[in-house]
Amino acid sequence: MFILISLLILFLLSFQGYVVSKESTKTIEGQYYQTIVENMNSISVNLSNYLNYIDDFARTLSNNPDLLNVLQHHDTGTKQKTEEQIRLFSEYYHLRLPLNIQVFNDQDDIFAYPSLNLSEESSLKAAVSTFPWFEQRIVLDNSFLHWNVAPDFHNQSSSNVLYVSKNIILNDHSLGLLVMELNGTSIERMLNRARIDDKNPIFIFSGDMQTLFHSDHVPSPLSEDSGPLRDDYQEMKLKLQNQDAGSMDIQLSGQNYRLLYKQVSSTPWTMVSLIPSYLLHSGSTGIWRITAIMMGVSFLFILLFFFILYTKVTLPVQHLSRIVRSAGDGRPPIRYSYKGFKEIETLNLGIFQFIDEIQQQVQTIKRGEGEKMRLELHMLQEQMRPHFWHNSLNSLRFLAVLHGDHTMSEAILSLSKMLDYTLKNAEVLYSTLEGEKDYAMSYVRFQEIRSMQRIRVDLDLDELSLDALIPKFTIQPLVENAIMHGFASPFEGEPLVRITARLQDRRLIVSITDNGNGIDSAALGKLFHRRQRQTRQSSGLSLINLQQRFLLEYGEPYGISIESEPAQFTEITIILPYQTADNEKEGNAS
């Protein structure tokens, strides 16, 4: 069993390490993936903004009245005037992009800003003439802008640049061609910033799947021929039903990649990012390695721990268990010497001490049985004494009736009722409010006879409250307080005690009010101090005893509260939970 538990714990630890590593790997790969997607979205937005900006600039410039006016009139100053108009318009437009702006007039003269030399003009003409629309540019839609990517006419060996072209038309007559060149390095810098690593190339393909731009450090197989990449991309587009964005795992030149593509908004261009698979897993490889090391260390630690646990805990506990069983069968235990954990050493010593003490207790129990029989006999004798007093009071009452002393007879009757209430079910801790009321009235009647003064008692008790269970000897001590202290000298009026009881929100609220001397605020604040217990012996159970009893039995917010005005009244209010004998039985049953 012990070995099975150990193996189960090892399995759970290994499984936990696997789950943690797997989830960490998924999280890291997801973060890489999300980073690249966000970068590609950012590039798409920036490119779209660039192209919209260039589109707006080209349309505005091609319709500039000053430029149109210069192109209409051919003279020796046309080149200078045209280039000046282009410069002024660029400064007015606050052009922020690295654009080269050229205008072909209807005689194939070139006006440029910045200016071009003859060699550059020839290279520009050669580059523009290769565009498929160039020969039919006059008959094409003149409001349409042509977007072409080709080598830079300044330097054929440099990266591609973006050419944006538009016919310049006035009254359906072609005045020339506007050609703007956007340096491709700006776009390539954006692609470089979007990578997560130098080995993560990003491409921009045209609508016919030609490579327009790409980031630096393209792997050599792809830099020589991107055909396989285009084939995989087209296959993926078909699988994903030509969605604007997507991803899939591919293999190029024996290398595994994650391919992500994103359509550049407002263009036929597509951005493709190639992420080597090992880059996605590089962050998680360390986690797997650390997990394996920690699992190995944990495995060795657990083996060592269980070895010590088995030799120093399990085996000694089994031995001690056999010792206890032997002692239980009445056989004398064999002493066992153990060195190891202090707690088990203490347990070993304690077991033998405990066995010795049990044997001593057996002898003590035998002696106690005889003592118990003597105590029970003594208890029976003590129980006979209250019955003797009860019978004696009844005899005295009978004699008082024979001699015609009805007052004495009534006083003895009241005492006899109080004694009956005290002796009846002496072990019972609770009584009904009605029983408590009767007991208090017997006390009042006895005090009337004793003091030869009538005490008026007003009762206002809710009928349902009479069945409420309250702690025994609750009402009488409070009535006694009112009589002994409230009506003591200098009180001179007619004594009045009012007892009320009502139910509210499953609570029993009992109030005892007298019209006696009252209590001043200083004394009222000290009533529940412990030292007051020594000064109120004549009141039976003191207020502090009752308050503590209620708090121990019911807790907050139940208990006693007192309100008093000197020479006017004192009102003691008791708040207890409403309980009846039926409720108590149901609670015990549950």
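I begin with how elements are named: helices (H or I, at least four residues) and strands (E, at least two) are DSSP runs, numbered from the N terminus. This is a predicted model, in which local features need pLDDT of at least 70 and side-chain atom pairs count only at pLDDT 80 or more, while totals for chains, interfaces and linings use all residues. Residues are numbered from 1 along each chain as its sequence is written, and side-chain values use heavy atoms, with hydrogens and water left out.

**Entry 1: the sheet with β1**

I looked up the strand order and found five strands in an open antiparallel sheet, ordered β2-β1-β5-β4-β3, where two strands pair if DSSP finds at least two bridges between them. The edges are β2 (110-113) and β3, each of which pairs on one side only. Strand β1 (residues 99-105) is joined to β5 (residues 173-182) by seven bridges, and the two run antiparallel; here valine 103 stands opposite leucine 178 in β5. Helix α2 packs on this sheet and touches β1, β2, β4 (160-170) and β5, contact meaning heavy atoms within 4.5 Å. Helix α3 also packs on the sheet, touching β1 and β2.

**Entry 2: α2 against α3**

I then asked how α2 (residues 65-72) and α3 (residues 78-93) are placed, and noted an angle of about 170° with the axes 9 Å apart. That makes α2 roughly antiparallel to α3, a label used for angles over 145 degrees. Axes are lines fitted to C-alpha atoms, for helices over the stretch in contact, and angles run from 0 to 180 degrees between N-to-C directions. Asp66, Leu67, Val70 and Leu71 in α2 meet Thr78, Lys81, Thr82 and Gln85 in α3.

**Entry 3: the sheet with β10**

I found another open antiparallel sheet of five strands, in the order β7-β6-β10-β9-β8. Since β7 (211-214) and β8 (245-252) stand at the edges with a single partner strand each, one side of each is left without a neighbour in the sheet. Seven bridges join β9 (residues 255-263) to β10 (residues 270-276), and arginine 258 has isoleucine 275 in β10 as its bridge partner.

**Entry 4: the largest pocket**

Which residues lie nearest the centre of the largest pocket? I noted Trp147, Asn148, Val149, Pro268 and Trp269, among 22 lining residues. The volume of the largest pocket is about 470 Å³. A pocket is an open set of points on a 1 Å grid over the protein atoms alone, where a 1.4 Å probe fits, with protein on both sides within 12 Å along at least five of seven lines; lining residues have an atom within 4 Å of a point. Both α1 (2-62) and β3 (146-151) supply at least two residues of the lining, and β3 gives the most, with five.

Conventions: Angles under 35 degrees count as roughly parallel, over 145 as roughly antiparallel, 65 to 115 as roughly perpendicular and the rest as oblique. Grid points are joined across faces, edges and corners, and a volume is the space filled by probe spheres set on the points.
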